[in-house]
Amino acid sequence: MKGVVVMGVTGSVAAYRAADVARDLMRAGFEVRVCLSRGAAEFVTATLFEALTGNPALTDAFDEPKPGRMAHIDWARDADVLLVCPASANALARLAAGRSEDMFSTIAVASTAPLVVAPAMNPEMFSHEATQQNLKALRDRGAIVVEPTEGDVACGEHGQGKLAPTQVIVEATLQAAMRSDLYRGTRVVVTAGPTAEPLDPVRILTNRSSGKMGYAIARAAIQMGAEVVLITGPTCLTPPPRADTRRVETASEMLTSALNACQNADLFVAAAAVADFTPKEPRSDKIRRDGDLTVELAPTQDIVATVAEKFPELVVCGFAAEVSEVEAAARAKLEKKGLSAIAANDVSRSDIGFDSDDNEVTVLFRDGSKIEIPRSSKLVVAMRLLEALRPLMAPPGKN
Ligand code: C5P
């Protein structure tokens, strides 16, 4: 069995085609559990899907096929993939906003399973800015959007809005299932955010870093089935719920925490912007502003290089935030620090990098090869990066 697909069927004429999709998903080896929105129930019945899938088909958020068990939580936990097919404009709006109004949209906010949406609607509704913004929001969160095709739609118009072919939807679901399993059984350690080196009790020496990239890597690794340790410097972000989060302040604390966590890890991703220098003798009293101040700084120890040296079997990926000669500088760091791979980004650009929700990186590998990850949300960049790093690690079952 490939896993459980929880399939939301929503209010579109193409709801009749959801029956074929459900059958083909079962032929591909999935267990299929269907939720109908109220709109979908105007076109197709729960009985149809119950007969096809052998599972109860649910509609209302309070449906309880097993008395005393909350199905929206059980199904959210059991799901390996969430598929919305067809996805109406209203369903996309509910999902984008995280509104839990019926059984499927409630499961969607309770689940960490990857989401696949296959929109089908009138071409004007599909091209409407609101619909496109909702699709962008879902894509940015890592959802796979199976684009509708162009053709004659039920209302008599011609344009983009027809539900994609069944096979394309099944393939996207298989891709999502593979992604959600890619890191199953592995342990991933991620450093994120800046470090803070105390000058005195109220002042610190730190780096510009929001921590968003590292947190996105932790979130993506969890979605792909890994056990994740997130070692984070001070940030304003909320860690992903299932991460084992360890909070540190200084580079030295981050190093100790990383060496500890990497003992039984399979992958170490160093996304933290570690301070390169730390005050030699932090003052115990507040420094007063009486004239010039000279502070002696000592270099911090390189965390990623130390980890790579200490654990030669571990796959280690660093980051290189550069402002010029990005690739050459990153390749030099890859060699110098003994890394398996390095993700290089140009932080002189304001549309990516620091504080931005988007990033664009070039991943350089030890064997001289490289891949480009085009500009996308940090979560999507994180997913692509993890997909690229997985072949460097031991195959599944050997961990
Ligand atoms: O040398 P630079 O700071 O540009 O290298 C960046 C990479 O090295 C990042 O992966 C960062 O997390 C890591 N690093 C580290 N310890 C340091 C400095 C940087 O792990 N002290």
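Leucine 82 stands opposite leucine 115 in strand E4. The model is predicted: local features require pLDDT of at least 70 and side-chain atom pairs count only at pLDDT 80 or more, while totals for chains, interfaces and linings use all residues. Residues are numbered from 1 along each chain as its sequence is written, and side-chain values use heavy atoms, with hydrogens and water left out.

Strand E3 (residues 81-87) pairs with E4 in the parallel sense over four bridges. Strands are DSSP runs of E of at least two residues, helices are runs of H or I of at least four, and both are numbered from the N terminus. Two strands pair if DSSP finds at least two bridges between them. E4 is also joined to strand E5 (residues 144-145), by two bridges and in parallel. Here valine 117 stands opposite valine 145.

Five of the five residues of E4 (residues 115-119) are buried, so the strand is largely enclosed by the rest of the structure. Buried means under 20% relative accessible area, exposed over 50% and partly exposed in between, with a 1.4 Å probe and protein chains only. Both faces of E4 are covered. Leu115, Val117 and Pro119 lie on one side, Val116 and Ala118 on the other.

An open sheet of eight strands has the order E12-E11-E8-E13-E16-E17-E18-E19, with mixed pairing. Strands E12 (244-247) and E19 (370-377) stand at the edges, each with a single partner strand, so one side of each has no neighbour in the sheet. Neighbouring strands of this sheet are turned by 20 degrees against each other on average, direction ignored. Axes are lines fitted to C-alpha atoms, for helices over the stretch in contact, and angles run from 0 to 180 degrees between N-to-C directions.

Within the sheet, E8 (residues 187-192) and E11 (residues 227-232) run parallel, joined by six bridges. Threonine 191 stands opposite isoleucine 231. Helix H10 (residues 251-261) packs on the sheet and touches E8, E11, E12 and E13 (267-270); contact means heavy atoms within 4.5 Å. The direction of H10 makes about 170 degrees with that of E11.

Helices H4 (89-97) and H5 (103-110) each supply at least two residues of the lining of the largest cavity. H4 gives the most, with three residues.
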